[in-house]
Amino acid sequence: MEKEQLVEALSREFTTLRAQCKVQSGDFSPERVIGRQKQITEKTAALTAYLAHAPYSSAKAAAADLDMAREEILLGYKLIQRTRAAADAIRLSVNGDYLNIVRHYFTGRTYVVVFFTGLACPGRCSFCPNVTIQPDGSRQLSLYGGRQVNSMSSVNIESVFRDIDKITRKDTSILVKISGGLEPLTDPDTMAVILNHAEAMGIHVKLFTNGILLNTPRLRRLALRAGDVRVSLSMVDEDAYGELMFGNDATRRRQYGLPVVLENLRALVKERNRLGTRTRIGINTVVLEENHRDLERFVHMAKDLGLDYVDFKPNYFSTYTPQTLKAISDQRDSVKAQSGKGIDIYFAGSLSGENMFWHHRDGECEPHKQSKFKMFITPGGDCSPVHHGAFPRGRATSDTGVAPYSIGRIGEDASLLDLISNMPCLPGLRYERLNPFEHMLALEIKREEQDRAWGIPESCNPYHFSKGDTLPREILENPLLH
Ligand code: SF4
């Protein structure tokens, strides 16, 4: 959208807002208001562009950078909330994902509980944080505690769902994910217990798997009890898949190669269609240096398999070369153009080199603050508010194998909510250890804190578009409307 159109839309909204505020016009001076209206809408257009570029900026930082007063920022935020064109300018920007996070976690009040049920994994992916590549090329998988641990008892899982029930009663919706860590289907019994509780409570479950073990009707039917099955698949060629997933391990390459996974997916879709369940099935593709030229091939493959979607994600454990980022960007439009034609295509904003994820990585999050939004639970019941804290650690760690970001273990005397309410302050975690969604969450938590401290009421949060009609004192008495 051209800047002039945005200014015009903001100007119209200024007039409506002013009327709605029922401003007394005893000292009303048309010239002065027209002058102000022009000035504030132009500044708000600049503020919109600023937030599209750096959505994590606090109001105070924006005020300093744009030479705006606090009242101007407050009014500008309210106008952004109320003006569709301004919201779209941020939503359609390269940082549009940021708004999804705010909508999902802050406005929509969603709490995510992630069970890491896997006790092992047939894969040995070169990019996996659980895999160490030895000098001879062999790959070693870290297990929890350096060896298998006992899975959480069904009694302890039941206690998590009792707490989930308490959380939902506080006007918060719950999403349960079964993921890893390690491959969740290596512990189908625990998965079944989780699915039983979730089904009984009508909770949506997303399953994340590498798809290798979906080779029996029993495990396929178990997976289909989730509302969404996301299969990680990062190669479209058999050799490349074998190399990435298993390196020089010829036995695994033969036993678990790409043809096996594709056959599993075909059978899963067939079974889903036969049962008539509504489970969405798709692939989660981490874009890597090794596969970044194959994005269209992934879409064709997914269509051929009858899948519902492809979700392209960045490899946040590493960085891309500028050439790779350009090649990804060159393919993005043609790949996304196929979305809706029998398949949905999602493309993480952080696959763009201009996305803030790659440019705003200095700093640390306070992990315990993320516990207001999500919790990862390891197979043994250790809880961590950050993804990084729930992976198995190598041999050089404690006997639980869980590094410092655990807030404790669920057991007979400690439920999930007990652990959260008695949570210790966890050490800072550098942004570069966070995945893109946790990174945005950390930035928004901080931005909101800074804005509160600077006197910006929550109802003026520029990303809470549904609060446009809420007019707090700071707006009703804003001198710029008088
Ligand atoms: S499939 Fe997942 S858990 Fe297994 S090695 Fe690969 S990335 Fe790691």
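**Reading cores, a helix and a ligand shell**

Visitor: Which residues does I377 touch, not counting residues up to four places away in sequence?

Guide: Two residues are in contact if their C-beta atoms, placed from the backbone, lie within 7 Å. Here I377 touches V113, V114, F115, F116, V160, C383 and I410, leaving aside residues up to four places away in sequence. This is a predicted model, where local features need pLDDT of at least 70 and side-chain atom pairs count only at pLDDT 80 or more, while totals for chains, interfaces and linings use all residues. Residues are numbered from 1 along each chain as its sequence is written.

Visitor: Which residues of the largest nonpolar core touch the most other members?

Guide: A nonpolar core joins buried Ala, Val, Leu, Ile, Met, Phe, Trp, Tyr and Cys residues through C-beta atoms within 7 Å; buried means 20 or more other C-beta atoms within 10 Å of the residue's own. The largest core has 61 residues, and V113, V160, I178, I194, V205, I377 and C383 touch the most other members. Helix α8 (residues 188-201), a DSSP run of H or I with at least four residues, gives the most to this core, with five residues. A second, separate core of 44 residues includes L17, Y77, I90 and L441.

Visitor: Which residues of α17 are buried?

Guide: The buried residues of α17 include F437, M440, L441, L443 and R447. Among the elements that the buried residues of α17 pack against are α3 (59-66) and α6 (97-107). After α17 comes G455, with a positive phi near 85°.

Visitor: Which residues are around the ligand?

Guide: With C-beta atoms within 6 Å of the ligand, they are C121, G123, R124, C125, C128, N130, V131, G180, L182, E183 and N210.

How values were computed. Buried ≥ 20, exposed ≤ 12 C-beta atoms within 10 Å, placed from the backbone. Helix = DSSP H or I, 4+ residues; strand = E, 2+ residues; numbered from the N terminus.
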